[in-house]
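Colleague: Hi, could you walk me through this model while I have it open? I'd like to ask things as they come up.

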Amino acid sequence: MNNDQTPPVSNFIRNIVIRDLESGKHNKIVTRFPPEPNGHLHIGHAKSICLNFGLASEFGGTTNLRFDDTNPLKESEDFAQAIMSDVRWLGFEWNELRHASDYFQQLYDYAVHLIKNGKAYVDSQDAESMRASRGTLTEAGTNSPYRDRSIEESLELFEGMKNGEFADGEHVLRARIDMASGNMHMRDPAVYRIRKVAHHRTGDEWNIYPMYDWAHGISDAIEGITHSICTLEFEEHRPLYDWFLDNIPSPCHPQQIEFARGNLDFTVMSKRKLKELVEGGYVSGWDDPRMPTIAGLRRRGYTAQSIRTFWKEAGVSKAESIIPMGVLENAIRNDMNENAPRVMAVLDPVKVVLTNYPEGESELFEAPSHPQKPEMGSRSVPMSREIWIERGDFMEEPPRKFFRLRPGGEVRLRNAFIIKYTDIVKDSEGNIIEIHCEYDPESRSGLPGAARKVKGTIHWVSAEHGINAEIRLYDRLFSVANPLADKEKDYLEFLNPHSLDVITDAIVEPAVAKGSPGDFFQFERVGYFTIDQDSADSERPILNRTVSLRDSWAKLNR
RNA sequence: UGGGGGUUCGUCUAGUGGUAGGACUGCGGACUCUGACUCCGCCAGCGGGGGUUCGAAUCCCUCACCCCCAGCCA
């Protein structure tokens, strides 16, 4: 994966890898991205993906995609498929596709090994008693009455659990560690639980399923993972990760390294909340363009490259952080500025009549697709006597420094010629219906007269040739930077009521209508837009605003 | 006196005993047939206190604040 227009950025995990390679601890690194197939990937997962795949690719190692599918209650093949397509879309290809469920037999055998060595026992307390005896954060737990059950009995019970002889919850296999440990995860953690449900891959072959802590480290070891990178909340699991590997005949002992998740402001990132937004109908789906999911960002018009660049620039550390949305926006603007073909579109149209333009005639202007990149080619833009311009580009009583059209003023029509105001027509309520102008034929782009400078240049679309389009203007999903900060109020109360504004009477130049879903453009002076999938069965094009252009004029007027 | 982490410009981050650097934002300017882009410049930081040292963001002590852990979830 080539993510490297710029040199790699140093971070503590990369430093560990460099050290391990230099010291000869490893001669090749192996990483993995281990999602549970119980939901869709979001921008936070992308950080982990970029980190794991990026590190391996930089140092000539490999990365596996491994589904952590140990809880059949929540997982599905559909989610797994969506995750694979998102990872690929992001631009990464895994070395091997693995599943924790591939290792169910080995995991079981290792558990038997643990029991035989007196390191695990079958506990027959109910869940409630187990919780009660675990103690609290400040008080030690107490040993289960079954803790000293004989190895033979545990072995027999465990096999019975596997064979489906017991109901869910009747028994659980626990590691025998230390009920008084300050680390709650070391207080005889559950290793296996009974779950008589079908697994999306192993069907009803198993009646018991391994817990995360048991499955994860061993899966890492089986795959020869060298650096098992995960997020901060697993820091306290590390002693357990190590304990498990130290107590089985493990092929190797991967190093778990934790980093801070990357949060964005004005959104939420937890799977649970994202799910709530979808199921509550607050958004149109997992791929709603306002969602921070990979699918949502993709539909919004974000490119994989922009997401990779974003995470590269954000860096990796152990400090919890909330990154301003503006940083992500900056990444897509940079990408689009390089690659988006330019077109003209009027979102809030008002008519301009060029009174000295011959009636019934039209002409084509050849306009470059990119002002700095002639190699991107050009398109033909039709001009006629009546055109649409942006309502905001004309003001009867303009403020200081208003460079656009005004009574008595001149302005250049982008890619065409200069026009001069002559008159306006209003309706009985005083609304502007038409603006009358005269054009200067000598100032056509390409002619010597084009050298004449006027301060403003505005975009336009021929009324005769323009195509009606639906434009979906997206804004941040929440109206406050951190919707979770207020402990009194639910985050849903902070949903931004204006996060979607649909414009149905926008006019775009013909070149836009030729595009297909996923194509993107810069609407000059407005922003970056992408053709939405809904366009496929719509008589008119539907476009999503990915992000607006920076607008220092608007900023000046705030 | 449960345990585990964290704190460097507004934001994100680099730095492991030798001039605190970069990116984003912000501000100012140049350029411009996009008030975009680009270019130039500027502002701005080591949580507090103490110690070791010729020299500390870095080592030691201490205080403060923030986050995580009591699933048969991951």
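Colleague: Which residues are linked in a network of salt bridges?

Modeller: The network links D287, R299, E470, R472, D532, D534 and R540. A salt bridge here is a side-chain nitrogen of Lys or Arg within 4 Å of a carboxyl oxygen of Asp or Glu. Before we go on, this is a predicted model, where local features need pLDDT of at least 70, side-chain atom pairs count only at pLDDT 80 or more, and totals for chains, interfaces and linings use all residues. Residues are numbered from 1 along each chain as its sequence is written, chains are lettered from A and ligands numbered from 1 in the order in which they are written, and side-chain values use heavy atoms, with hydrogens and water left out.

Colleague: Thanks. How do R299 and D534 meet?

Modeller: Their side chains form a salt bridge of 3.3 Å, N to O. R299 lies in helix α10 (residues 294-300) and D534 in the loop between β26 (527-531) and β27 (542-548), so the pair ties together parts that are 235 residues apart in sequence. Helices (H or I, at least four residues) and strands (E, at least two) are DSSP runs, numbered from the N terminus.

Colleague: Is R299 buried or exposed?

Modeller: R299 is buried, at 13% relative accessible area, while D534 is partly exposed at 28%. Buried means under 20% relative accessible area, exposed over 50%, and partly exposed in between, with a 1.4 Å probe and protein chains only.

Colleague: How many salt bridges does the structure hold?

Modeller: There are 37. One of them joins E233 and R261, with the closest N and O atoms 2.6 Å apart. That pair links distant parts of the chain, 28 residues apart: E233 is in the loop between β8 and α8, and R261 in the loop between β9 and β10 (262-264). E233 is partly exposed at 39% relative accessibility, and R261 is partly exposed at 43%.

Colleague: Changing topic, what about K47? Where does it lie?

Modeller: K47 sits in helix α2 (residues 43-58). K47 is buried yet has no salt bridge, and E233, the nearest side chain of opposite charge, is 11 Å away. For charge, Lys and Arg count as positive and Asp and Glu as negative; His and the chain ends are not counted.

Colleague: So what lies 2.8 Å from a polar atom of the K47 side chain?

Modeller: The backbone oxygen of A260 does. That is a polar contact, meaning a pair of N or O atoms within 3.5 Å; within protein, one must be able to donate a hydrogen and the other to accept it, and residues adjacent in sequence count only if both atoms are side-chain atoms. Leaving aside neighbours within four places in sequence, K47 is in contact (heavy atoms within 4.5 Å) with F259, A260, R261, G262, W311, G315 and V316.

Colleague: And R66, which side chains does it have polar contacts with?

Modeller: The R66 side chain has a polar contact of 3.5 Å with that of H216 and one of 2.7 Å with that of D220. R66 is in strand β2 (residues 62-67) and is buried, with a relative accessible area of 0%.

Colleague: Which side chains have a polar atom by a base nitrogen?

Modeller: E236 has a polar side-chain atom 2.9 Å from a base nitrogen of RNA strand B, and Q372 has one at 3.4 Å from a base nitrogen.

Colleague: What is the surface near the RNA made of, by class?

Modeller: It has 21 nonpolar, 23 polar and 25 charged residues. Ala, Val, Leu, Ile, Met, Phe, Trp, Tyr, Cys and Pro count as nonpolar, Asp, Glu, Lys and Arg as charged, and the others, Gly among them, as polar.

Colleague: Last one: which residues of α8 are buried?

Modeller: In helix α8 (residues 238-246), L240, Y241, W243, F244 and L245 are buried. They pack against α4 (104-116), β5 (172-175), β6, α7 (212-222), β8 (227-231) and β9 (255-259).
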